[in-house]
Amino acid sequence: MPLLLALGVFAYWAVPLADALMQRWFVRDLDVRSTSLASAVQEPLSSLVASGSTAKITAFLTRMTQDERLYAVGVCFDARAEPVATVNFPHEIKCAALDQYKAEDGYVLHSPHGPLHVAVRALDSESPPSQVVLVHDMSFVTRRNEETRRLFFYFFVALGLCIALITVIIAQLSWRGWVQGLRALLHGEGILRPSVESTAPELRPIARDLGDLIRDLERQYRPLDGSQRIWDQDALRATLRRELHGNDVIVVSNREPYLHVRTTNGIHLQHPASGLVTAIEPVMRACSGTWIAHGSGSADREVVDRHDRIAVPPDHPAYQVRRIWLSEEEEDGYYYGFANEGLWPLCHNAHVRPIFRSGDWEFYKSVNQKFADAVLVEAKTKDPVVLVQDYHFALLPRMIRERLPRATIITFWHIPWPNPEAFSICPWRTELLDGLLGSSILGFHTQFHCNNFLDTVDRLLEARVDRESFTISTRGHSTVVHRYPISIEWPPAALASVKRSVPDTRKAVRERLGLPPNHKLGVGIDRLDYTKGIIERFNAVCRLLETHPRWIGRFSFVQIAAPSRSAIADYRDYATRVTALASQINDRFPDARYPPIILVTEHHEAEAVYEYYRACDLCFVSSLHDGMNLVAKEFVASRDDEQGVLVLSQFAGASRELPEALVVNPYDADQCARALHVALTMDAAEQRERMRFMRGVVREFNVYRWAGRMLLDAAVMRQRDRFRLAEKTAASR
Ligand code: F6P
């Protein structure tokens with residue numbers, strides 16, 4: 001198209017130019033012709049003029065005009081008289097004004113007949129002095145001009161087509177070159193092999209960019225631990241089948257994955273707000289088996305079979321939940337008392353004092369025994385794989401070991417492990433340690449907690465602690481202590497049920513909260529627990545508004561706080577303080593059009609939580625102490641738009657894996673306020689870069705990998721145990 005336009009413009013200027021040029025040539029030709037005609041008729045015409053016979057002159061002139069180009073001829077021998085001429089001699093040409101036709105470059109007369117070339121030549125007659133006027137018809141010039149114009153037109157069209165064709169061919173050839181170059185590049189030539197020299201110079205910049213892009217993608221998708229394995233549900237299932245011969249897995253935890261709750265509308269299914277459940281549930285869906293847990297839903301008893309089992313998930317049953325019933329006293333003593341008023345504050349540096357009551361300890365022991373009995377019932381073989389979860393069951397591994405010595409017991413401690421001094425304040429410290437050392441494998445989120453555990457055993461127990469293999473041996477049995485950072489499933493199931501795009505979700509959530517469309521939004525999702533640093537988080541928001549008043553009325557922080565362990569005074573007190581602080585901060589900024597803090601203290605199902613993750617500009621995890629914190633990972637997983645900023649406490653285990661977050665000390669309100677401001681002003685490119693890195697980590701270090709690595713380690717152990725048993729049997733023969 002541009003080519004045709006250029007040619008059109010060129011033709012527009014060229015054609016009139018050519019016309020003028022041709023005209024000039026023809027005029028010059030006719031001038032020469034007139035001169036030679038005049039000299040040819042010189043003699044006869046001069047004699048006729050001398051004879052004075054007008055009739056003869058006219059007859060002679062008429063004969064001359066038989067030449068088709070010569071239109072008319074006239075002779076002037078008296079300036080005052082009319083010329084003696086042929087009939088069609090133009091009457092505008094007067095003998096008195098012949099000088100005007102003597103222009104050097106010829107004269108063209110535009111007559112009604114058309115353009116006429118007029119030439120005046122002197123005759124050599126003595127007397128009277130005469131001049132002959134030769135008038136040539138120039139209409140043939142116009143005809144030729146038209147013909148030339150037509151030819152020009154065809155010429156330009158042909159030229160345009162030729163140029164276009166040549167351009168297309170050249171473009172094709174060079175495109176092929178490009179494609180070949182790029183193909184070579186994508187095949188690794190030029191990146192893995194030093195073929196850059198052979199790359200066309202014009203390809204080099206794009207080769208560099210593509211190389212960067214490929215390396216970036218490789219980094220994102222390559223397993224970060226070099227294992228060449230990306231863990232997913234199928235990989236986990238296959239590992240279980242191959243390495244553990246399809247043995248059923250038994251999980252034991254206090255919290256169950258599905259609660260049946262009685263409501264006025266009938267029985268309602270609820271998913272608890274629990275990191276443990278978030279992590280283990282997809283593993284169980286992949287592995288099948290049985291999950292033994294406390295049946296704490298108000299309608300739980302109504303839906304189980306006569307063995308207290310129910311197949312879940314309700315829509316696609318994949319495994320069994322075996323519910324254990326606890327009396328109110330048992331729950332008070334074991335769960336609220338020993339586990340949550342004793343061990344929980346003991347293991348978390350949140351400056352809440354642990355309370356240890358002997359009555360609670362008795363319930364802790366008996367409930368652990370109750371669960372151990374259930375494991376025995378559910379085990380189909382003498383060497384089951386039992387996954388014991390968390391601080392509610394410190395005694396359980398030893399209890400199972402005593403009854404099923406060949407069981408593979410993998411215990412995972414989901415909360416931090418304190419240093420020996422802190423742990424030693426527990427009156428039943430040695431019993432707890434001994435209970436845990438019934439495990440085959442004892443897992444923590446971080447190496448720091450593994451180290452703390454080894455130090456604690458070293459300090460408090462008679463046991464052999466091998467710091468090279470991180471193995472503890474006592475009572476003729478060894479426990480391997482290992483770091484397995486827990487994670488979430490990838491992609492998260494809750495994300496699949498999210499119907500709306502991120503922009504639509506942003507809009508919908510802001511509408512629901514009564515906020516304008518471009519209002520900046522921060523989000524926090526937690527159980528109402530004093531370890532989560534919700535008070536510190538609110539203080540940071542307040543500090544942000546004090547130090548950067550531009551955010552007043554333009555930024556709100558939504559805190560979704562699920563009520564938790566409300567039977568405990570410390571938790572009730574904390575909930576009251578959080579609520580009071582939220583309104584205190586909102587009152588402090590009375591001019592803000594929109595409240596700085598929006599506190600919603602109710603349980604939200606995963607889909608609703610994911611909506612908040614996707615609607616916000618930043619997610620703030622400010623735990624004072626946290627084993628891992630899966631909210632941080634869920635937020636990252638939810639942001640498939642690669643936008644949003646994570647502000648993350650340095651005291652959450654997740655900060656070891658996600659250093660691309662804005663890592664803060666939640667006790668430092670000024671630092672947190674600065675981080676919030678940075679998050680709110682971070683450009684999209686930086687958000688994308690940070691989010692991409694974090695998503696790569698969460699994608700690869702997902703919960704299937706977490707479970708898979710533990711099961712693989714367990715498989716190796718079982719194999720070694722078998723060899724050892726065979727050795728013993730052989731030796732005793
Ligand atoms: O962090 C320990 C933990 O068991 C988590 O796995 C979970 O998020 C939380 O405590 C659940 O608490 P509870 O079961 O007491 O509601």
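**Terms and cut-offs in a predicted model**

User: Why is histidine 477 called buried?

Analyst: Its relative accessible area is 18%. Buried means under 20% relative accessible area, exposed over 50%, and partly exposed in between (1.4 Å probe, protein chains only). Histidine 477 is therefore buried. The model is predicted, so local features need pLDDT of at least 70 and side-chain atom pairs count only at pLDDT 80 or more, while totals for chains, interfaces and linings use all residues. Residues are numbered from 1 along each chain as its sequence is written, and side-chain values use heavy atoms, with hydrogens and water left out.

User: Where does histidine 477 lie, and what does it contact beyond its neighbours within four places in sequence?

Analyst: Histidine 477 belongs to strand β17 (residues 477-483). Helices (H or I, at least four residues) and strands (E, at least two) are DSSP runs numbered from the N terminus. Contact requires heavy atoms within 4.5 Å. With those neighbours left aside, histidine 477 touches Arg401, Leu437, Gly438, Ser439, Ser440 and Ile472.

User: What makes a group of residues a nonpolar core, and how many residues does the largest one have?

Analyst: The term covers buried Ala, Val, Leu, Ile, Met, Phe, Trp, Tyr and Cys residues joined through side-chain atoms within 4.5 Å. The largest such set has 96 residues, and Ile400, Leu432 and Phe453 have the most contacts inside it. Helix α8 (residues 328-347) contributes nine residues, the most to this core. A second, separate core has 81 residues, including Val251, Cys287, Val621 and Tyr704. Isoleucine 400 touches Ala372, Val375, Val386, Val388, Ala407 and Ile409, not counting residues up to four places away in sequence. In soluble globular proteins, nonpolar side chains tend to be buried together.

User: What makes β20 and β23 edge strands?

Analyst: Two strands pair if DSSP finds at least two bridges between them. An open sheet of six strands has the order β20-β19-β18-β21-β22-β23, with parallel pairing. β20 (597-600) and β23 (662-664) each have a single partner strand, so one side of each is left without a neighbour in the sheet.

User: How do you know that β18 and β21 are paired?

Analyst: Strand β18 (residues 520-527) and strand β21 (residues 618-621) are joined by two bridges in the parallel sense. Because at least two are required, the pair qualifies. Glycine 522 stands opposite leucine 618 in β21. Helix α19 (residues 630-638) packs on this sheet and touches β18, β21 and β22 (645-649), its direction making about 170° with that of β22. Such angles run from 0 to 180 degrees between N-to-C directions, with axes fitted as lines to C-alpha atoms, for helices over the stretch in contact.

User: What makes helix α18 largely enclosed?

Analyst: Of the ten residues of α18 (residues 606-615), seven are buried, so the rest of the structure largely encloses this helix. The buried residues are Val609, Tyr610, Glu611, Tyr612, Tyr613, Arg614 and Ala615. They pack against α14 (493-496), α15 (502-513), β18, β19 (555-562), β21 and α19.

User: Why is the pair of phenylalanine 338 and tyrosine 364 called tilted?

Analyst: Rings of Phe, Tyr and Trp (its six-membered ring) pair if their centres lie within 6.5 Å; planes under 30 degrees apart count as stacked, over 60 as edge-to-face and the rest as tilted. Here the centres are 4.6 Å apart and the planes stand at 45°, so the pair is tilted. Phenylalanine 338 lies in helix α8 and tyrosine 364 in helix α9 (residues 358-378), so the pair ties together parts 26 residues apart in sequence. Both residues, phenylalanine 338 and tyrosine 364, are buried. Another tilted pair is formed by phenylalanine 444 and phenylalanine 453, at 5.5 Å centre to centre and 40° between the planes. By this rule there are 25 aromatic pairs.

User: How do you know that the charged end of arginine 565 sits over the ring of tryptophan 344?

Analyst: A charge sits over a ring if NZ of Lys or CZ of Arg is within 6 Å of the ring centre and within 35 degrees of the ring normal. The charged end of arginine 565 is 4.1 Å from the centre of the tryptophan 344 ring and sits over it. Arginine 537 likewise has its charged end over the ring of phenylalanine 620, 5.9 Å from the centre.
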